[in-house]
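The chain and its coordinates come first.

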Amino acid sequence: MTIQIEDTTIPTAIPGLRFDFNFGARVTVPEGQGQWRVRFIDRDLFMVLSDTKFERGTLTSSLKYYINYRVEIYHEEQLVFTHDLDLN
């Protein structure tokens, strides 16, 4: 079985920065704008699941099932975006 996953779907106020929770948490950062840091946090366990620095592309969480995620995105080590998953 093959799963076809489209591009990240939710735009932010920052041009080119997108995220969603289709098939896990996913963040796409704009290319050519320096270093980005993305943290995926489990809000129920108060645990950082991933803390990754990169300059282009899409980061996808390794856990694909429901996690009460918080996503933090830093640009050049300054926090520029946060989102708490809310399925209520």
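Two strands are taken to pair if DSSP finds at least two bridges between them. Strands are DSSP runs (E, at least two residues), numbered from the N terminus. The model is predicted, with local features needing pLDDT of at least 70 and side-chain atom pairs counting only at pLDDT 80 or more, while totals for chains, interfaces and linings use all residues. Residues are numbered from 1 along each chain as its sequence is written, and side-chain values use heavy atoms, without hydrogens and water.

An open sheet is formed by 4 strands in the order E5-E4-E7-E8, with antiparallel pairing. Its edge strands, E5 and E8, each pair on one side only.

| Strand | Residues |
|---|---|
| E4 | 36-42 |
| E5 | 47-54 |
| E8 | 78-84 |

E4 and E5 pair in the antiparallel sense over 7 bridges. Within this pair, Val 38 stands opposite Thr 52 in E5. The hairpin of E4 and E5 has 4 residues between the strands, and Phe 46 takes a positive phi near 55° there.

Leu 49 has its place in strand E5. Leu 49 counts as partly exposed because its relative accessibility is 32% (buried is under 20%, exposed over 50%, partly exposed in between, with a 1.4 Å probe and protein chains only). Together with Leu 45 and Met 47, Leu 49 makes a nonpolar surface patch of about 270 Å². Such patches take residues with over 30% relative accessible area and no salt bridge, joining nonpolar side chains within 5 Å and like charges within 9 Å. A salt bridge is a side-chain nitrogen of Lys or Arg within 4 Å of a carboxyl oxygen of Asp or Glu.

Terms used
Areas by Shrake-Rupley, 256 points an atom, 1.4 Å probe, with all protein chains shown as cover.
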